Every structure is written in C-alpha cells, then in structure tokens.
Amino acid sequence: MPELKRLHAGHAPAVLAFELANRAYFAASISDRGDDFFARFTDGYHALLAEQETGMRAFYVLVDEDGSVLGRFNLVNIEDHTGELGYRVAQHVAGRGVATATVRELCRLAAAQHGLRTLRAAAASQNVASQKVLTKAGFVAVGPADPAHLGGKPGTWYRRDLVHDLVLKPAAVRSDPAGS
Ligand SMILES: CC(C)(COP(=O)(O)OP(=O)(O)OC[C@H]1O[C@@H](n2cnc3c(N)ncnc32)[C@H](O)[C@@H]1OP(=O)(O)O)[C@@H](O)C(=O)NCCC(=O)NCCS
C-alpha cells in the first residue's frame, strides 16, 4: 500500500523520476517547473530539505510499494497555526481518488504533527480536478485568488478548518456504545 512519508534525502532519485515522467501532464494545469529545475535538481532538492528544517515548510511524498513516488503534497507558509497546501499526483494513477484520500490524510497530519488549525489552498478556475479534490476533502471556497499566485490564471482560495476534526473525534468515540 502506498505510504505518505516526510520528504528526505533518500527520496531524491524517485522525486526526480516522478517530476520528469509527469512534466507535460502537470504543465497542462499548473506552471511548468522550467528547465533550470531539472538541470539543477540536486541543488534545489538540498535547498528544499534546508527549508523544511526551518519549520515553515513540510514536504511529503506518497511512496508506492516499489519506492516510486505517486504524488507530492506540501505544506508551505506555515505561520500562526495556518499553512498553505499544494499537491501533484502522477498521471498513471489519476482519477482513482489518490489526491483526495491523501489530502484528507495530510489534513490530519497538519493538525496533529504541525499544530495547524487552518489550511488554505488556491486552485485555478480551469483546474476542475483540483477544485474537486479540495471540496471532497472538506475545503470551502472563500474568495478569489490573485492570478499571480496561480501562474497568471484566475482562481479561488479554499480553506479548511482543522480544529473542528480534532474536537469531533473524542465525542464520536464517547457516543459509540461498542467502545464503552
Ligand atoms: C489535481 C490532481 C492532484 C488530482 O489528482 P487525482 O488523484 O487524479 O484526484 P482524485 O482522483 O482524488 O479526484 C479527482 C477528481 O477530479 C475529477 N477530474 C479529473 N480530471 C478532471 C477534468 N479534467 N475535468 C473535470 N474533472 C476531473 C475526477 O473525476 C475526480 O472527481 P470524482 O471523484 O468526482 O470523479 C492531479 O490531476 C494533478 O496532479 N494535476 C496537476 C497538478 C495540480 O493541478 N495540482 C493542484 C494545484 S491547485
């Protein structure tokens, strides 16, 4: 079963393979990384790991049983118990609910391990798949996003309250007769 793991140095070759294999697929809906990203991949990867050390960013990879990367899920701009979510999932597993399930899992991790109370994410108006992922994972549209944030495309900010889930879980356990 695929596992969501915190990005580490050992994931570098699988992350590069994932980005190369899906470059054209991703570029159809979000900004292309650019040739420099691939030419200087190792330097950029080390920079990411250093940023992660600051606590303002947390990078995750969904790793398949064979070690290949199925998706990347990132928490960025972490500050004041709020963060911003970004993600991308491999074309060969598209439409199977991978992004939706993993975003839900990351919401739990964001609260439990990173102390976040809210998460926000921006999706371009034309990116219907991403909008569906967000709404199915409990995000609600809260207003227009600056096109500069979405590679020049118009879009919408979505937001999800994470505290609500943490509060509801103990109550659900208490009211379960089988668990008493
Ligand atoms: C957006 C993305 C993460 C979705 O990943 P995924 O694992 O295929 O998503 P899921 O299977 O969980 O759900 C996708 C939903 O969008 C729908 N969908 C997929 N492509 C679509 C399209 N072109 N138009 C309309 N709906 C689409 C699917 O049918 C599914 O909805 P459903 O469950 O109601 O059938 C993936 O397409 C991707 O990586 N895209 C490029 C990067 C990107 O856009 N990232 C988000 C930036 S905001």
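**The shell around the ligand**

I first sorted the residues of the shell around the ligand, and they divide into twelve nonpolar, six polar and four charged, where Ala, Val, Leu, Ile, Met, Phe, Trp, Tyr, Cys and Pro count as nonpolar, Asp, Glu, Lys and Arg as charged, and the others, Gly among them, as polar. I noted that this is a predicted model, in which local features need pLDDT of at least 70 and side-chain atom pairs count only at pLDDT 80 or more, while totals for chains, interfaces and linings use all residues. Residues are numbered from 1 along each chain as its sequence is written, and side-chain values use heavy atoms, with hydrogens and water left out.

I then looked up the 22 residues that surround the ligand, of which the closest are V89, G97, T100, N127 and K136; a residue is near if one of its heavy atoms lies within 4 Å.

**Polar contacts**

Next I searched for polar contacts, meaning pairs of N or O atoms within 3.5 Å. A polar backbone atom of Y87 is 2.8 Å from a nitrogen atom of the ligand, and a polar backbone atom of G95 is 2.8 Å from an oxygen atom of the ligand. I also found a backbone N or O atom of R96 at 3.3 Å from an oxygen atom of the ligand.

**Elements of the shell**

Which elements give two or more residues to the shell? I listed α2 (23-27), β4 (82-89), α5 (98-114) and α6 (128-136), taking helices (H or I, at least four residues) and strands (E, at least two) as DSSP runs numbered from the N terminus. The largest share, six residues, comes from α6.

How values were computed: A polar contact is a pair of N or O atoms within 3.5 Å; within protein, one must be able to donate a hydrogen and the other to accept it, and residues adjacent in sequence count only if both atoms are side-chain atoms.
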